[in-house]
Amino acid sequence: HAHAIYGLLLNVESNPSAALKGSTPAGIVCERTGLTREQLVFTHLSNDALVPAFYIAEDVHLAEIVVCIRGSANFKDVLTDIAASSDPINPLPPSIILDPD
């Protein structure tokens with residue numbers, strides 16, 4: 001997942017012909033991770049200042065929900081890093097977690 005979130009930034013370097021085939025950021029994530037488009041629950045894969053690229057996916061092979069956030073790749077990302085703050089994430093209590101079977 002960590003490699004996939006960088007999309008075309010790394011895809012062109014490791015597979016230059018893919019960029020010419022009209023690969024989309026979501027398509028690259030699916031290609032790199034083995035996920036289907038339906039398993040991408042939410043995506044923001046563009047390179048915007050103050051909004052890091054990320055996706056949330058249901059990885060059925062790992063039986064996990066994946067939250068993947070791209071790190072810094074350019075100057076706009078550094079601005080995001082400087083302006084960032086943190087918020088605690090409270091996990092769901094065990095009584096709310098549903099049995100996948």
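Visitor: How do the residues in the lining of the largest pocket divide into nonpolar, polar and charged?

Guide: There are six nonpolar, five polar and four charged residues. Asp, Glu, Lys and Arg count as charged; Ala, Val, Leu, Ile, Met, Phe, Trp, Tyr, Cys and Pro as nonpolar; the others, Gly among them, as polar.

Visitor: What should I know about the model?

Guide: The model is predicted: local features need pLDDT of at least 70 and side-chain atom pairs pLDDT 80 or more, while totals for chains, interfaces and linings use all residues. Numbering starts from 1 along each chain as its sequence is written, and side-chain values use heavy atoms, without hydrogens or water.

Visitor: How many helices and strands does the protein have?

Guide: Four helices and three strands. Along the sequence they follow α-α-α-β-β-β-α.

Visitor: What makes Gln39 count as buried?

Guide: Its relative accessibility is 8%. Buried means under 20% relative accessible area with a 1.4 Å probe and protein chains only; over 50% is exposed, and in between is partly exposed. Gln39 is therefore buried. Gln39 sits in the loop between H3 and E1. Beyond four places in sequence, Gln39 touches Gly34, Ile56, Ala57, Glu58 and Val60; contact means heavy atoms within 4.5 Å.

Visitor: What makes Ala63 exposed?

Guide: Its relative accessible area is 69%, so Ala63 counts as exposed. Ala63 belongs to the loop between E2 and E3. Its phi is positive, about 55°, although Ala63 is not a glycine. Gly34, which follows H3, also has a positive phi, near 85°.

Visitor: Which residues make up the largest nonpolar core?

Guide: Ala4, Ile5, Ala26, Val29, Cys30, Leu35, Leu40, Leu45, Tyr55, Ala57, Val66 and Cys68, 12 residues in all. H3, strand E2 (54–59) and strand E3 (64–69) each supply at least two. H3 gives the most, three.

Visitor: Which residues of helix H3 are buried?

Guide: Within residues 25–33, they are Ala26, Gly27, Ile28, Val29, Cys30 and Thr33. Over the whole protein, buried residues make up 26% of 101.

Visitor: What does Leu45 contact beyond its neighbours within four places in sequence?

Guide: Ile5, Pro25, Ala26, Val29, Ala53, Phe54 and Tyr55. Leu45 is one of the core residues.

Visitor: Which side chains make polar contacts with the side chain of His44?

Guide: Ser46, at 3.4 Å, and Asp48, at 3.2 Å. Both count because a polar contact is a pair of N or O atoms within 3.5 Å; within protein, one must be able to donate a hydrogen and the other to accept it, and residues adjacent in sequence count only if both atoms are side-chain atoms. His44 lies in strand E1, residues 40–44.

Terms used: Core = buried A, V, L, I, M, F, W, Y, C linked by side-chain atoms within 4.5 Å.
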